[in-house]
Amino acid sequence: MTGGLLTAPVRTWRAFVRGLDEQSTYGRDYEALLERNVEDLRAELGIGAGPHRAGLGATLRFAAAITAGAVVGSLMMLVLVSPITLALWWRGRRAKAQALAAAP
């Protein structure tokens, strides 16, 4: 969501608000969904049911989702970048020690 907020903030906001009013297909029988009519399923899930209104609650949930996304994304970057940073630091330290050992 943070990436969407940076690249297309209005579309991200609209999608978030729309998603608050609609249901998902998670946890439903996949095979049974495939046999359903698309229009009937859209009506059951509330997809495209009409205008979606965003109140204070939606705004606060959006802010919380953006904050949580930024925190989780930052932590993931630390997890992914830390081994690379440590490996480069260790390589530089080793090269410096070898240079000092080779110096007269």
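The report below goes from overall shape to single residues.

## Basis

This is a predicted model: local features need pLDDT of at least 70, side-chain atom pairs count only at pLDDT 80 or more, and totals for chains, interfaces and linings use all residues. Residues are numbered from 1 along each chain as its sequence is written, and side-chain values use heavy atoms, with hydrogens and water left out.

## Overall shape

The protein has 5 helices and 0 strands. Along the sequence the pattern reads α-α-α-α-α. Helices (H or I, at least four residues) and strands (E, at least two) are DSSP runs, numbered from the N terminus.

The radius of gyration is 24 Å, whereas a compact globule of 104 residues would have one near 13 Å. That radius is taken over C-alpha atoms, and the globule rule is 2.2 Å times the number of residues to the power 0.38. The C-alpha trace spans about 80 × 40 × 20 Å along its principal axes.

## Burial and contacts

Of the 104 residues, 12% count as buried. Buried means under 20% relative accessible area, exposed over 50%, and partly exposed in between (1.4 Å probe, protein chains only). Among contacts (heavy atoms within 4.5 Å) between residues at least 6 apart in sequence, 66% join residues at least 24 apart.

## Aromatic pairs

The structure holds 3 aromatic pairs. Rings of Phe, Tyr and Trp (its six-membered ring) pair if their centres lie within 6.5 Å; planes under 30 degrees apart count as stacked, over 60 as edge-to-face and the rest as tilted. Phe16 and Phe62 have ring centres 5.2 Å apart and planes at 65°, so this pair is edge-to-face. Phe16 sits in helix H2 (residues 9-21) and Phe62 in helix H5 (residues 56-102), so the pair ties together parts that are 46 residues apart in sequence. Both Phe16 and Phe62 are buried. Trp13, Phe16 and Phe62 form one aromatic cluster.

Trp89 and Trp90 also pair. Their ring centres are 6.3 Å apart and their planes lie at 55°, so the pair is tilted. Trp90 is partly exposed, at 46% relative accessibility.

## A buried glutamate

Glu22 lies in the loop between H2 and helix H3 (30-34). Glu22 is buried yet has no salt bridge. A salt bridge is a side-chain nitrogen of Lys or Arg within 4 Å of a carboxyl oxygen of Asp or Glu. The nearest side chain of opposite charge, Arg18, is 4.2 Å away. Lys and Arg count as positive and Asp and Glu as negative; His and the chain ends are not counted. Not counting residues up to four places away in sequence, Glu22 touches Leu45, Gly46, Ile47, Gly48 and His52.
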